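I opened my notebook to look up a few features of this structure. Here are my entries, in the order I made them.

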Amino acid sequence: SEFRAPAPAGDTADAASERELMFVRQPFSNHNGGGLAFGPDGFLYIGLGDGGSGGDPQGNGQNLGTRLGKMLRIDVDGGVPYVVPAGNPFVGRAGWRGEIYHVGLRNPYRWSVDRQTGDLWWGDVGEDSWEEVNFSPAGTGGLNYGWPYREGNACWLPATGCPSAGL
């Protein structure tokens, strides 16, 4: 949701000004992500977990038709409720959500934008053995971080011989 802060102080949001930008249903009570930040490009980045439970049972991490298990990028000032930036990597592909900026995430609940470079850094919660620190260079979208095929550098699904090309 977006809120307005009355001038001149602008340090208190007006609850009556709420405008819902996006709502994503969560199938389980864990791995819901939660980080929001504006990048140097002025777009809002949203980290969403795979929706929860163990092992990504709904296959959200690699499903490009859902926003779960992704890093999203939207323009909150370009339209109502928002506009998908034309430079997002999956815009215009049939069956793919245009808001998606990166795929293959389990639960990127803590992340930030490097103030000097615009790079994205985040911790992604592992399933069993590995936790991840992921990196995305500024202006680079469309990266696949591998979940649920990979947990860190190890195979997860399947336990051996998992896909690794392009991850």
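I started with strand E4 (residues 44-48) and strand E5 (residues 70-74), which run antiparallel and are joined by 5 bridges. Strands here are DSSP runs of at least two residues, numbered from the N terminus. Two strands count as paired if DSSP finds at least two bridges between them. I looked up Leu 48 and found its bridge partner in E5, Lys 70.

I noted the source. The model is predicted: local features need pLDDT of at least 70, side-chain atom pairs count only at pLDDT 80 or more, and totals for chains, interfaces and linings use all residues. Residues are numbered from 1 along each chain as its sequence is written, and side-chain values use heavy atoms, with hydrogens and water left out.

Next, I traced the sheet. It is open, has 4 strands in the order E3-E4-E5-E6, and pairs antiparallel. Strand E3 (36-38) and strand E6 (100-102) are the edge strands, each pairing on one side only.

Then I searched the whole structure for disulfides (cysteine sulfur atoms within 2.5 Å). I found 1. Cys 155 and Cys 162 form it, with sulfur atoms 2.2 Å apart. The torsion about their S-S bond is about -80°, so the disulfide is left-handed.

Are the two cysteines buried or exposed? I used these cut-offs: buried is under 20% relative accessible area, exposed is over 50%, and partly exposed is in between (1.4 Å probe, protein chains only). Cys 155 is partly exposed at 24%. Cys 162 is buried at 9%.

Last, I checked Val 133. It lies in strand E9 (residues 132-136). Val 133 is exposed, with a relative accessible area of 67%.
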